[in-house]
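Open the model in your viewer and keep the sequence panel beside it. This tour says what to select at each stop and what is there.

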Amino acid sequence: VSSQCKIRRCNSEYVAATLNLRRSDRNAVYCNALRSYSHCTRKIARTCRGNLAYHSAVHGIEDLMIQNNCSKEGPTLPPRPRPLAPNHQGFESLFMCNYEKSFLYKHGRLPRYQHCATFGDPHIRTFHDDFHTCQVEGSWPLLDNDYLFVQATSSPVVNGSNATVTSKLTIIFKNMKECIDQKVYQAEIDNLPAAFEDGSVNGGERPGGSSLTIRDLNPRRHVMIRAEYIGTTIVIRQAGRQLSFSIRAAEEVARAFTEEQDLQLCVDGCPRSQRISRSEGCHGRTTTEAARALCKEKLPVEDVYFQSCVFDVVTSGDANFTIAAHGALEDARDFLPNTSKLHIFQ
């Protein structure tokens, strides 16, 4: 029975329908495509009862419909004309520079994703949901794998302080086959460009160049970089005199490194010698009570984001750190596949 399951055909039709959506009607067409996908899986339910790829696809559709606020009832896409002879090799090459759709076509389910962020002092949330507050003055790699290199440079938050903030970010998108040329992005305090270092806003002249894009969400304050060819989205923000970094990366991409690439703050957090305890009493420019009141306005849940906010405001006396912690929490809300992991309590 399992061998008769036609889940790959449902996957292929969904991927083809969502390959080139225009911004103007993206959400409506996307919801129509998801309902068509769901309808296709219901038609083959009887022959796919024992097929794991089928059950993964069904759960994936449910998750995507919730994430995109799609109703279960509504219009679907018109049936697509069937090719006389399916060319699977050509179909796979069509999705070479769209990681999510390629993965879905090959495995019958959506890829799993991981989230890492650094903000404020800096505080690091690793791919494994560990949370550290770090001293790390100077330049340290956040990521160093086969696809990405991300380096953060930190400076003292105030003169004479052990606490540091991220003052510069360098991101290298490594050359990848037919998809993109190597691209470098650099951000510094008061300089968040909406372009790569060479002035371009995409991955270059290769066939998949549009699979890497950069967008200004708030001029000089909030930039998003989407790397569809590796299933990765990066957000960079500035709040006050510090930068923050958030990433959602496909699990396979986040793990694509060798033993030599052993220092990555997003993977293992900051080294023990560089960790600071947020619970230690610190002498700062603002009282703890005043800092708690400021942070509570934007962070009602007293989790590590709230604790980090209090620490930063006490240390620096800068209320802008409440914005940094709130932005990091919002990125986590957008990027985490499992919202039950949003809040971390220590």
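Select His-222: is it buried or exposed? His-222 is buried, at a relative accessible area of 15%. Buried means under 20% relative accessible area, exposed means over 50%, and partly exposed is in between (1.4 Å probe, protein chains only).

Before moving on, some ground rules. This is a predicted model, where local features need pLDDT of at least 70, side-chain atom pairs count only at pLDDT 80 or more, and totals for chains, interfaces and linings use all residues. Residues are numbered from 1 along each chain as its sequence is written, and side-chain values use heavy atoms, with hydrogens and water left out.

**Stop 1: around His-222**

His-222 sits in strand β9. Helices (H or I, at least four residues) and strands (E, at least two) are DSSP runs, numbered from the N terminus. Now show what touches His-222. Contact means heavy atoms within 4.5 Å. Leaving aside neighbours within four places in sequence, the contacts of His-222 are Leu-192, Arg-215, Asp-216, Leu-217, Val-235, Ile-236 and Arg-237. His-222 and Gly-327 are 105 residues apart in sequence, and their C-alpha atoms are 9.8 Å apart in space.

**Stop 2: two positive phi angles**

Select Arg-220. Its phi is near 65 degrees, a positive value in a residue other than glycine. Arg-220 belongs to the loop between β8 and β9 (222-227). At 45% relative accessibility, Arg-220 is partly exposed.

Go to Asp-190 next. Asp-190 is not a glycine either, yet has a positive phi of about 70 degrees. Look for Asp-190 in the loop between β7 (183-188) and β8 (212-218). Asp-190 counts as partly exposed, with 43% relative accessibility.

**Stop 3: the whole chain**

Zoom out. The protein chain has 10 helices and 12 strands. Of its 346 residues, 50% are buried. Among contacts with a separation of 6 or more, 59% join residues 24 or more positions apart.

Colour by pLDDT, the predictor's confidence in each residue, from 0 to 100. The chain mean is 87, and 88% of residues reach 70 or more. Then select residues 82-91. Over this stretch pLDDT stays under 50, and the model has six contacts for it beyond four places in sequence. Where pLDDT is low, the predicted coordinates should not be read in detail.

**Stop 4: the largest cavity**

On a 1 Å grid over the protein atoms alone, a cavity is a set of points where a 1.4 Å probe fits but cannot get out, and lining residues have an atom within 4 Å of a point. Grid points are joined across faces, edges and corners, and a volume is the space filled by probe spheres set on the points. Searching the whole structure gives two cavities of 30 Å³ or more.

The largest cavity holds about 50 Å³ of space. To see its lining, select Thr-118, Pro-122, Ile-124, Val-136, Gly-138, Trp-140, Leu-142, Ala-152, Ser-154, Thr-166 and Leu-265. β4 (138-144) and β5 (148-156) are the elements that give two or more residues to this lining. β4 gives the most, with three residues. By class, the lining has seven nonpolar, four polar and no charged residues. Ala, Val, Leu, Ile, Met, Phe, Trp, Tyr, Cys and Pro count as nonpolar, Asp, Glu, Lys and Arg as charged, and the others, Gly among them, as polar.

Stay on Pro-122, one of the lining residues. The peptide bond from Asp-121 to Pro-122 is cis, with omega near 15 degrees. Pro-122 lies in the loop between β1 (113-119) and β2 (123-125).

**Stop 5: the second largest cavity**

This cavity has a volume of about 40 Å³. Select its lining: Tyr-14, Tyr-37, Ser-56, Ala-57, Gly-60, Ile-61, Leu-64, Leu-104 and Leu-110. Helix α3 (residues 52-67) gives the most to this lining, with five residues. The lining has seven nonpolar, two polar and no charged residues.

Follow Leu-104 into helix α5 (residues 99-107), where the buried residues are Tyr-99, Lys-101, Ser-102, Phe-103, Leu-104 and Tyr-105. Just after α5, Gly-108 has a positive phi of about 75 degrees.

**Stop 6: Thr-76**

Finish at Thr-76, in the loop between α3 and α4 (88-94). Thr-76 is partly exposed, at a relative accessible area of 42%. Beyond four places in sequence, Thr-76 is in contact with Asn-32, Arg-35 and Ser-36.

Methods: On a 1 Å grid over the protein atoms alone, a cavity is a set of points where a 1.4 Å probe fits but cannot get out, and a pocket is an open set with protein on both sides within 12 Å along at least five of seven lines; lining residues have an atom within 4 Å of a point.
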